[in-house]
Amino acid sequence: MVARHDLTTDPRLQDALLQARRGTAFFARKLNELSDDELDGDSLLPGWSRRHVVAHVGYNARAIARLIEWAATGVETPMYLSPAARNQEIDFGATLSPIALRNLTDHAAVHLSVEWRDLPDANWGNQVKTAQGRTVPASETVWMRTREVWIHAVDLNNGATVGDIPAPILERLLTDITSAWKTRGTDAGLIIAVEESSIRYGDTSNPDAVVVSGPLAAITAWATGRGTIPNTPIAPAWM
Ligand code: ZN
C-alpha cells in the first residue's frame, strides 16, 4: 500500500523532513528563476558552473535515496561507487540539455521524498554509510540533504544568501563545521560567538582560543567559506 504521508510517527523526524523539503523547494525556486542560458554562468563554487551545482544536487538526492533503499531492504548500496565516479557523474550531468538537467534534479528530489515517506519507524535507525565513510542511522540522511539543498541554493549565485537559511539550520551547520575543524585539526583554536545568542561553537576549553563573533548569518557565511568578516582571516576549509 502506498502511503500519502510520512510513515514515521517521530515528531522530531517529521519536523526534520519538513525542513529538508522546504530547502528542496527553496533550491527549486532559485533554479526556476534562472533562464537556460544563465545555467552556463558561474556558481559560487570554484571551477563549478551553475550546471555543476544543479547536477550535483540531483545526483546527491539519488545517492541519498540509495541509502534509504539500503535502510529499507538491508541490501547495502553505497552513495557513490568512488569519489572519482561521483565527480565524473557531476561532470557528465553538467553537459546535459537544460531540460534534462532540470528534470534530473526535480525527479531525483521527488524520488527521495517518496523513499523517506515510505520508510517505516523501525527502519530509520538502520545503519548506512556516508560518502565520507561515516556510519550513521538512516535518520541522519535528512540532515545531510537539508544542508546540501540550502547551501547549494546560495551557490547558484542568483540572489539567495545565507541569511535566507532558517536559523536552526545555521546553528546546526556551525556545530558541524567546528567539529569538522576539530576532527581535522584545522580549527586553529577558533571559537565562533554568535551575536544573537550566548551559544559558542568550537573548543571553548582552550584559553588561547581566538573568538570570531558576528551575526548568525554572517558568521555562518564566513565559516562555510561563503563570506568574510572584517579583520578576520578566511575560515579553515570545512568540506
Ligand atoms: Zn554538496
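Student: Which residues of β3 are buried on one side of the strand, and which on the other?
Tutor: A word on the source: this is a predicted model, in which local features need pLDDT of at least 70, side-chain atom pairs count only at pLDDT 80 or more, and totals for chains, interfaces and linings use all residues. In a regular strand the side chains alternate between the two faces of the sheet. Buried means under 20% relative accessible area, while exposed is over 50% and partly exposed lies in between (1.4 Å probe, protein chains only). Both faces of β3 are covered, with L190, I192 and V194 buried on one side and, on the other, I191 and A193.

Student: And how many residues of β3 are buried?
Tutor: Residues are numbered from 1 along each chain as its sequence is written, and side-chain values use heavy atoms, with hydrogens and water left out. Strands (E, at least two residues) and helices (H or I, at least four residues) are DSSP runs, numbered from the N terminus. β3 is mostly covered, and its buried residues number five of five.

Student: What is the strand order in the sheet that holds β3?
Tutor: Strands of a sheet pair through backbone hydrogen bonds, either parallel or antiparallel. Here, two strands count as paired if DSSP finds at least two bridges between them. β3 runs antiparallel to β4, with three bridges, and parallel to β5, with five bridges. The pairing in this open sheet of three strands is therefore mixed, and the order is β4-β3-β5.

Student: Which strands stand at the edges?
Tutor: An edge strand here has a single partner strand, so one side is left without a neighbour in the sheet. That describes both β4 (200-202) and β5 (210-214).

Student: Which residue of β5 stands opposite A193?
Tutor: A193 lies in strand β3, and at 9% relative accessibility it counts as buried. In β4, A193 has R200 opposite it. In β5, the residue opposite A193 is S213.

Student: How far apart are the C-alpha atoms of A193 and V211?
Tutor: A193 touches V211, along with I199, R200, V212, S213, G214 and I219, not counting residues up to four places away in sequence; contact means heavy atoms within 4.5 Å. A193 and V211 are 18 residues apart along the chain, yet their C-alpha atoms are separated by 6.6 Å.

Student: At what angle does α7 run to β3?
Tutor: Axes are lines fitted to C-alpha atoms (for helices, over the stretch in contact), and angles run from 0 to 180 degrees between N-to-C directions. α7 lies across β3 and β5. Its angle to β3 is about 155°.

Student: Which elements do the buried residues of α6 pack against?
Tutor: The buried residues of α6 include L170, L174, I177 and W181. L174, leaving aside neighbours within four places in sequence, is in contact with I192, V194, Y201, L216, I219, T220 and A223. The buried residues of α6 pack against α1, α5, β3, β4 and α7.

Student: How far apart are the end C-alpha atoms of α6?
Tutor: The expected span of a helix is 1.5 Å times one less than its number of residues. For the 18 residues of α6 that gives 26 Å, and the distance between its end C-alpha atoms agrees, at 26 Å.

Student: Which residues are the protein donors of the zinc ion?
Tutor: Donors are N, O and S atoms within 2.8 Å of the metal (3.2 Å for Na, K and Ca), and water is not among the atoms, so sites may look incomplete. The donors follow the spacing H-x91-E-x3-H along the chain. E148 and H152 both lie in helix α5, four residues apart, about one turn of the helix, and both are buried. The protein donors, lying 2.1 Å from the zinc ion, are H56 (NE2), E148 (OE) and H152 (NE2).
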